[in-house]
Amino acid sequence: MAGRIWKLARNIAATVVGLAIVVMLLPTKARSQLGLDPCCAIISAGLSSISNLLSSAVAKPLGAIQQLEQQAANFEQQVVFPIAAINQARGLATQFQGQFTQMKQTFQLPVASATLPAPQQLEQTLLSRSPGSVPQVTTNYAALYGTVMPATDAPQPVRDLVDMTDAEAQAAMKKAVEIDSLADLELKAAEQINQQLATAAPGSAAILEAQASAWLVRANAYTQSAMAELVRVRSIELANRGAQLKFSTAHTTNLHSTGSQMVQGAH
Amino acid sequence: MKKYLQNLAAFAGKFQHTKHIFALVVISLCLLPGTARAAGLSDIITLLTTITSTIQNAIGGVLTGIQTLNNTVNNFRQQIIWPVNALNQTRGFITSTRAQYQGLMNQIHQIKNNSATLRNPTQLESLYRSALAGSIAQLEGSYTTVYSPVPLATDAKPIQRDLMDMDDALAMGSLKTAVLSDQTTSGMLGLADSIEQQSATASPGSGPMLATEAQIASLESQAYLTKVLASELRQEAAKLAHENTLLKQSAANTRNLENQIQQVLTHP
């Protein structure tokens, strides 16, 4: 009996000691494996809140932005930069290229008509459209129109007038050769810009427009310089008429005084 | 853990009821947490709050701002810069302007200014007003018919013949240039019409391309204008040179006359 009691007591003691050890070994705060931890509920609520926020604060504005971007893209593609209109404009440039070439060929048809040697030479130089031939104008001009008369043949004022007139006439002829040549270069540039336009984009077309505008300003300037030369020619022409009237008046005065002297001498 | 189990087994082995002890130990172990908790509950709440706040304010606020900005830019483009109504109105304006002026301008441009009444001048005039490059070959013959050819060498002095020939050449040259210029003008008017026609269906994007085309055509036109001006310069210069040569001739004639009078007076 005592042995049984001792045995029972020993078993109880062993169990209590074991349990005590287990309890001692257990962490003070342990997360249970079974059942819901309060943390899980909080995390779940937090994640749910994040998900809702992503839907409302992120996805919704993003969707709206996408819609706006799509609308903007459609507007640009259909209203502002429709590809059909752009291609049509490019096609026009290609079509114009042919017409520009045709016009250039038309203006290159020969217009020379002189039949005698001296006029033929001068005319050839004048229609050469080559700046290199400008110095020949002086020689060809002198061969046809002559040079200033010798001092024995005319009074100095008349010689001055003749020289001035020759100078202006030659200058105008030289200017004609120069601007003819410049016009050819302008036509070449115009064709090149047009070729570029045939493959240009709406964005680069504005740059080409600026270039064409610059060329146009340049062409206007050259035309203006030719107009100035024309004004000079006409001014010299007018000056010559005035000078001839002045010479005529001087001759009349001389004749009158000579006549008076002769009449007085006769008496 | 292994050591712990060994110690426990050794301790249990001292007792006879090891099965009970083992069962107790296994249940206890099952109740042990697998891992220790790294952070506290307050940390988790703080983290979630931070994430929520970031999404709501930093990200959501910026996205809403971008949306508003995009909307404003779109509205500005569609209502201020390129309103479709204004674009269509402009296209309509081009069409109506073309209809209003083009026919009238063509009618004015096509008015015939021919005024000659006799046969030869009428023929010459019709040639140099033809605006057909092909007709310039006939112009020379017709010109000679009206203005006569250069006299023979027996009928005029060389300088006079040269002057006449040069005057004729430059006059004919200018008439031919005028014919070529007229033809080019017709071409240019055609180009202007094409550009205007296409403008009526253009978009803001293709508009600059058409404007560039117009500038190029304008440059071409300016170049031809320069060529016509060169022709006029040649003509005016020749006119001046002609008059000057007559003056030179007059001086030479006076000198000859003086020489002859002197000869007469010295040898009566």
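Author: α3(A) passes α6(A) in a left-handed crossing, a term that applies when the near helix is turned anticlockwise from the far one by less than a right angle, clockwise being right-handed. The model is a predicted one, in which local features need pLDDT of at least 70 and side-chain atom pairs count only at pLDDT 80 or more, while totals for chains, interfaces and linings use all residues. Residues are numbered from 1 along each chain as its sequence is written, and chains are lettered from A, with ligands numbered from 1, in the order in which they are written.

Helix α3 covers residues 83–107 of chain A and helix α6 covers residues 156–197 of chain A; helices here are DSSP runs of H or I with at least four residues, numbered from the N terminus. Their axes come within 9 Å and cross at roughly 165 degrees, where axes are lines fitted to C-alpha atoms over the stretch in contact, and angles run from 0 to 180 degrees between N-to-C directions. α3(A) and α6(A) are therefore roughly antiparallel to each other, since that label is given to angles over 145 degrees.

On the α3(A) side, Ala93(A), Phe96(A), Gln97(A), Phe100(A) and Lys104(A) take part, and they meet Leu187(A), Ala190(A), Glu191(A), Asn194(A), Gln195(A) and Leu197(A) of α6(A), contact being defined by C-beta atoms, placed from the backbone, that lie within 7 Å. By class, this contact has six nonpolar, three polar and two charged residues, with Ala, Val, Leu, Ile, Met, Phe, Trp, Tyr, Cys and Pro counted as nonpolar, Asp, Glu, Lys and Arg as charged, and the others, Gly among them, as polar.

Turning to the contact between the chains, 95 residues of chain B are in contact with 110 residues of chain A. The largest share of the chain B side, 35 residues, comes from α8(B), and the residues of that side divide into 47 nonpolar, 31 polar and 17 charged.

Conventions:
Two residues are in contact if their C-beta atoms, placed from the backbone, lie within 7 Å. Helices (H or I, at least four residues) and strands (E, at least two) are DSSP runs, numbered from the N terminus. Angles under 35 degrees count as roughly parallel, over 145 as roughly antiparallel, 65 to 115 as roughly perpendicular and the rest as oblique.
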